[in-house]
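Time to look a few things up and jot them down.

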Amino acid sequence: KMMKRILVVDDNEMNMEIMSTILLESGYFVIEAKDGYEALNKIDSIDNLALVLLDILMPGMSGYEVAASIRSKGINVPILASTANAFLEDKQKILECGMNGWLIKPIKMSILINTVENYIGKP
């Protein structure tokens with residue numbers, strides 16, 4: 001069977017490496033994008049995309065804009081924000097632009113895996 005593919009979008013190399021490693025070791029297939037433009041360029045060609053893990057604060061294009069663009073393409077996979085801001089207005093903005101939920105940075109391994117499994121099941 002096809003592995004569940006997760007697109008991880010983060011401009012911070014350390015964050016990217018941590019999230020990718022946890023997801024890979026848990027049995028998911030990871031595709032990385034270092035910013036919103038790369039994410040949008042890649043997303044159309046990803047078969048079996050199961051989930052997008054999307055940093056909010058990125059140079060050039062914010063996670064909010066990326067999420068809205070993904071939704072405007074008619075792609076309905078779950079999108080989870082990864083954000084250091086746990087404030088109420090951020091959560092409202094996250095949901096308004098078409099994302100499904102969020103993970104608060106720094107992201108703990110168990111929370112990352114539990115949250116991903118809640119949305120797309122085990123790998």
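I began with exposure: buried means under 20% relative accessible area, exposed over 50%, and partly exposed in between (1.4 Å probe, protein chains only). By that scale Asn48 is partly exposed, with a relative accessible area of 39%. Asn48 also has a positive phi of about 65°, although it is not a glycine.

Ground rules next. This is a predicted model, where local features need pLDDT of at least 70, side-chain atom pairs count only at pLDDT 80 or more, and totals for chains, interfaces and linings use all residues. Residues are numbered from 1 along each chain as its sequence is written, and side-chain values use heavy atoms, with hydrogens and water left out.

Then I looked up the sheet. Helices (H or I, at least four residues) and strands (E, at least two) are DSSP runs, numbered from the N terminus, and two strands pair if DSSP finds at least two bridges between them. I found an open sheet of 5 strands in the order S2-S1-S3-S4-S5, with parallel pairing. Its edge strands are S2 (29–33) and S5 (101–104), each pairing on one side only. S4 (residues 79–83) runs parallel to S5, joined by 4 bridges, and Ala81 stands opposite Trp102 in S5.

Which peptide bond is cis? I noted the one joining Lys105 and Pro106, with omega about -5°. Pro106 lies in the loop between S5 and helix H5 (109–120).

Last, a charge sits over a ring if NZ of Lys or CZ of Arg is within 6 Å of the ring centre and within 35 degrees of the ring normal. Arg5 lies over the face of Phe29, at 4.3 Å from the ring centre.
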